[in-house]
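Subject: Structure for your review

Hello,

Please find the structure below, followed by my notes on what was found in it.

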Amino acid sequence: MGLRIRSFGHSEPRTHDQILSRIQAKPLSKRNRGNFLMSHFFLAQRHLYELDQHLARFLRSAAMAKIKLPFDGETIRRILIQTVSASKCRHGSLRYWLSAGPGDFQLSSSGCYKSSLYAIVIQDKLPYDRRGIKVITSSVPMKAPEFAVTKSVNYLPNVLSKMEAEENDANVAIWVDDDGYIAEGPNMNVAFVTKDKELLMPGFDKILAGCTAKRALVLAESLVNEQKLQGVRIGDVTVEEGKKADEMMLVGSGIIVRPVVQWDNQVIGDGNEGPVAKALLNLILDDMKGGPATVRVPVPY
């Protein structure tokens with residue numbers, strides 16, 4: 001009961017609910033309610049991108065959610081690599097979940113028999129689009145920090161925030177914390193290029209520390225060396241400062257880097273996709289194809 005593996009092609013179910021429906025269609029017995037973690041990372045040119053970074057966050061989330069691991073961390077890592085190898089998929093993503101396991105349909109995991117790991121390989125192209133988008137300020141309350149920093153399936157606020165944006169002809173909605181500082185999008189981080197040509201990203205103390213965002217900060221240092229930026233830093237950003245920035249972009253594994261050209265009624269910069277957002281997207285794409293061994297793990301087929 002500890003492990004379930006499945007690979008999907010283009011014609012298979014693709015949404016989160018469809019995938020979980022297929023998983024639950026298996027004879028997995030009863031579950032407890034709410035204690036589920038999730039994560040995913042890319043497969044590009046036979047390499048898993050930022051496997052170790054995502055897995056480390058996943059294991060931290062398991063500890064925070066008080067889910068006992070069905071295997072040790074190194075075994076889980078090996079299982080994920082073997083899952084991709086067995087799928088024969090060369091390009092796509094691997095999504096995986098950790099459940100408190102079969103139980104009594106109650107809230108506590110004390111009635112669960114054993115935690116379960118699920119891994120699914122999805123063949124697909126990288127999910128990036130260079131076109132600029134519109135965002136709005138979310139009216140949906142953001143999650144409390146102790147829950148926001150945990151990579152769980154508690155995504156109802158995220159879903160409602162995304163739907164709010166779509167209802168207002170926007171792509172996503174941006175959360176602002178109680179102190180008036182910019183937080184994040186529903187499943188991505190936010191970054192800005194200031195008037196002083198600094199790449200500025202809100203800190204991770206109240207939001208999920210995105211693996212793609214953290215890697216983007218490292219890669220952006222090369223833009224400083226090329227004098228396309230004056231600096232890279234993490235810090236508080238007010239809504240007013242964000243809307244007056246030269247560039248705004250969303251950064252995350254679901255979009256990689258996506259330029260923002262309008263926030264609410266405010267045009268960002270000159271209203272076009274900015275050069276730093278374009279350069280940062282190219283840097284991450286190149287990193288996926290030829291980055292160091294610390295971010296690219298080969299899959300033995």
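**Charges over rings**

The charged end of Lys243 sits over the ring of Trp263, 5.4 Å from its centre. Arg90 likewise lies over the face of Tyr301, at 3.9 Å from the ring centre. A charge counts as sitting over a ring if NZ of Lys or CZ of Arg is within 6 Å of the ring centre and within 35 degrees of the ring normal.

**Basis**

This is a predicted model, in which local features need pLDDT of at least 70 and side-chain atom pairs count only at pLDDT 80 or more, while totals for chains, interfaces and linings use all residues. Residues are numbered from 1 along each chain as its sequence is written, and side-chain values use heavy atoms, with hydrogens and water left out.

**Overall**

The protein has nine helices and 14 strands; these are DSSP runs numbered from the N terminus, helices being H or I of at least four residues and strands E of at least two. Of its 301 residues, 50% count as buried (under 20% relative accessible area; exposed is over 50% and partly exposed in between, with a 1.4 Å probe and protein chains only). Among contacts (heavy atoms within 4.5 Å) with a separation of 6 or more, 72% are between residues 24 or more positions apart.

**Aromatic pairs**

Rings of Phe, Tyr and Trp (its six-membered ring) pair if their centres lie within 6.5 Å; planes under 30 degrees apart count as stacked, over 60 as edge-to-face and the rest as tilted. The count by this rule is three aromatic pairs. Phe36 and Tyr118 have ring centres 5.9 Å apart and planes at 25°, so this pair is stacked. Phe36 lies in strand 2 (residues 36–44) and Tyr118 in strand 5 (residues 116–123), so the pair ties together parts that are 82 residues apart in sequence. Both Phe36 and Tyr118 are buried. Ring pairs also link Phe41, Phe58 and Tyr96 into a cluster.

**Val295**

Val295 is in the loop between helix 9 and strand 14 (296–298). Its relative accessibility is 2%, so Val295 counts as buried. Beyond its neighbours within four places in sequence, Val295 is in contact with Leu48, Tyr49, Glu50, Gln53, Arg215 and Asp287. The C-alpha atoms of Val295 and His47 are separated by 9.1 Å, although these residues are 248 residues apart along the chain.

**Helices 6 and 9**

Thr212, Arg215, Ala216 and Leu219 in helix 6 meet Leu280, Leu283, Ile284 and Asp287 in helix 9.

Regards
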